[in-house]
Every structure is written in structure tokens, then in C-alpha cells.
Amino acid sequence: EAERLAVAALGSRLGWPVLPDVSSGLRGPHRSTAFAPVVPLVDLLLAARPLSGPLAPDVCFQVGGRIVGRRLQGLAASARSHIVIEPHGERCDPLHSVTHRVQGPAAPLMCSLHTQLGNRRLAPSPLLALCAASRALEAGPGRGGAA
């Protein structure tokens, strides 16, 4: 749980969305809040919208092991910097896109990055638009979602 909170806090601090894989514990409904910009339906959204310039991230922090979802794996691979943080040192990089690998617990590293940023402001990621789209899909027709 500490790892999930640290990832969500860093995502919020950076203005970056948290794009959980299908095997992630962050995929539960209504996980996206102002504090934690989580996109639980990212795989569905990526299936409906081909990746193009503004959606390709500059940096991807992959926390934990292998990404299961093919579309999310492709998004991570499109980043200029693909950083994997996981405790076991297992090297699973099917698309050969990982540029940096950190072995160890993610929560202390995420908290340290959060602290090191201090009061610096970064431009919000264009990928945050996926948060609103995911919330609309979760709401469904007749509850604020698309018909």
C-alpha cells in the first residue's frame, strides 16, 4: 500500500497520470482523484485512440515487474526515457525499451523524488486528458459518461 500511495503522490506532484497495468492494484474503479491522477481504463482508451505525437511520453516510470497489457507496453516503449523500478532485479523488457533500471523498493525512491522536487513546478502532462476520459467511461451512459 505504501508503494501505491507513493506512486500516486509523485504522479500528482509531477502532474503526470498514473497508468496502471491490468495486473496493478491501482486499477479499481474511481481511483482517479485530484490527489491521484489514475487512469484505470488506460488499456481501453489506448485501444480506441492510436498513439500519436502528444500522447508519446518523454519519461515513463514503470514501477514493479513486467507490463502485461500490450498497448500500455507500447506506450511505455515510446518514451524517450523508460525507467523501471522494481525490487527483484528481474529483467523483463520484451520491447528492449528500458533505458534505466533501479533495483530496490519503489516507495522510498518515489518519496525521495517527491522531496527533491521541492517547490519546482513542471508543465502538466498532455496524458492527463486520459484521466477525464477514463472517469467518463467509468461513469457510463446516463451517469455523466458518453452515450
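This is a predicted model: local features need pLDDT of at least 70, side-chain atom pairs count only at pLDDT 80 or more; totals for chains, interfaces and linings use all residues.
**Helices α1 and α4.** The axes of α1 (residues 2–14) and α4 (residues 106–117) come within 8 Å and cross at roughly 25°. I therefore recorded the two helices as roughly parallel to each other, since angles under 35 degrees count as such. I noted the crossing of α1 and α4 as left-handed.

I then listed the residues that make the contact. From α1 these are Ala 2, Glu 3, Ala 6, Val 7, Ala 9, Leu 10, Arg 13 and Leu 14. From α4 they are Ala 106, Ala 107, Met 110, Cys 111, Leu 113, His 114 and Leu 117. By class, I found 12 nonpolar, 1 polar and 2 charged residues in the contact of α1 with α4.

**Nonpolar cores.** I turned to the largest nonpolar core, which has 14 residues. Val 39, Val 42, Leu 46, Leu 72 and Leu 130 touch the most other members. At least two residues of this core come from each of α2 (42–48), α3 (70–77) and α5 (129–139). I also noted a second, separate core of 13 residues, with Val 18, Val 38, Ile 83 and Ala 106 among them.

**Val 39.** I checked the contacts of Val 39 beyond its neighbours within four places in sequence. They are Pro 17, Val 18, Leu 19, Pro 20, Leu 45, Leu 130, Cys 131 and Ser 134.

**Helix α5.** I listed Leu 130, Cys 131, Ser 134, Glu 138 and Ala 139 as the buried residues of α5. The buried residues of this helix pack against α2. After α5 comes Gly 140, for which I noted a positive phi, near 75°.

Terms used. Residues are numbered from 1 along each chain as its sequence is written. Side-chain values use heavy atoms; hydrogens and water are left out. A nonpolar core is a set of buried Ala, Val, Leu, Ile, Met, Phe, Trp, Tyr and Cys residues joined through side-chain atoms within 4.5 Å. Buried means under 20% relative accessible area, exposed over 50%, partly exposed in between (1.4 Å probe, protein chains only). Helices (H or I, at least four residues) and strands (E, at least two) are DSSP runs, numbered from the N terminus. Contact means heavy atoms within 4.5 Å. Axes are lines fitted to C-alpha atoms, for helices over the stretch in contact, and angles run from 0 to 180 degrees between N-to-C directions. Angles under 35 degrees count as roughly parallel, over 145 as roughly antiparallel, 65 to 115 as roughly perpendicular and the rest as oblique. A crossing is left-handed if the near helix is turned anticlockwise from the far one by less than a right angle, and right-handed if clockwise. Ala, Val, Leu, Ile, Met, Phe, Trp, Tyr, Cys and Pro count as nonpolar, Asp, Glu, Lys and Arg as charged, and the others, Gly among them, as polar.
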